[in-house]
Amino acid sequence: MPGEQQCGACSGSGTTEHTEHTVETDQDGNQKHVTRSWTGPCSQCHGSGSS
């Protein structure tokens, strides 16, 4: 569409790397920090690649 600009958060690709940090309890009852990363739709442009 005219006037739309490339999304600055994903550089127009529509996808970004997401990271989640949580604290979980293991089978022994010990808490541990868990980090998960995945590639998914950009949270700023919702995958469209433009702003």
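**Figure 1. Cys-42 in the predicted model.** Cys-42 has a relative accessibility of 3% and counts as buried, in a model that is predicted. Cys-42 takes part in no disulfide, and its nearest cysteine sulfur belongs to Cys-45, at 3.8 Å.

**Figure 2. Cys-10 and the search for disulfides.** Across the whole structure, the search returns 0 disulfides. Cys-10 is accordingly in none, and the cysteine sulfur nearest to it, 3.8 Å away, is that of Cys-45. Cys-10 is also buried, with a relative accessible area of 6%. In general, the bond in question is a covalent one between the sulfur atoms of two cysteines.

Figure 3. His-18 is part of strand E1, which covers residues 15–25. Its relative accessibility is 19%, and because buried means under 20%, His-18 falls in the buried class. The side chain of His-18 forms a polar contact with the side chain of Thr-16, at 3.3 Å. A polar atom of the His-18 side chain also lies 2.9 Å from the backbone oxygen of Pro-41.

**Figure 4. Residues around His-18.** Neighbours within four places in sequence are left aside in this view of His-18. The remaining contacts of His-18 are Arg-36, Ser-37, Trp-38, Thr-39, Gly-40, Pro-41 and Ser-43.

**Figure 5. The chain as context for the close-ups.** The secondary structure consists of 2 strands and 0 helices. Along the principal axes, the C-alpha atoms occupy a box of roughly 60 × 10 × 10 Å. The radius of gyration is 17 Å, whereas a compact globule of 51 residues would have one near 10 Å. Of the contacts with a separation of 6 or more, 47% join residues 24 or more positions apart.

Figure 6. Buried residues account for 22% of the 51 residues.

Technical notes:
Residues are numbered from 1 along each chain as its sequence is written. This is a predicted model: local features need pLDDT of at least 70, side-chain atom pairs count only at pLDDT 80 or more; totals for chains, interfaces and linings use all residues. Side-chain values use heavy atoms; hydrogens and water are left out. Helices (H or I, at least four residues) and strands (E, at least two) are DSSP runs, numbered from the N terminus. The radius of gyration is taken over C-alpha atoms; the globule rule is 2.2 Å times the number of residues to the power 0.38. Buried means under 20% relative accessible area, exposed over 50%, partly exposed in between (1.4 Å probe, protein chains only). Contact means heavy atoms within 4.5 Å. A disulfide is a pair of cysteine sulfur atoms within 2.5 Å. A polar contact is a pair of N or O atoms within 3.5 Å; within protein, one must be able to donate a hydrogen and the other to accept it, and residues adjacent in sequence count only if both atoms are side-chain atoms.
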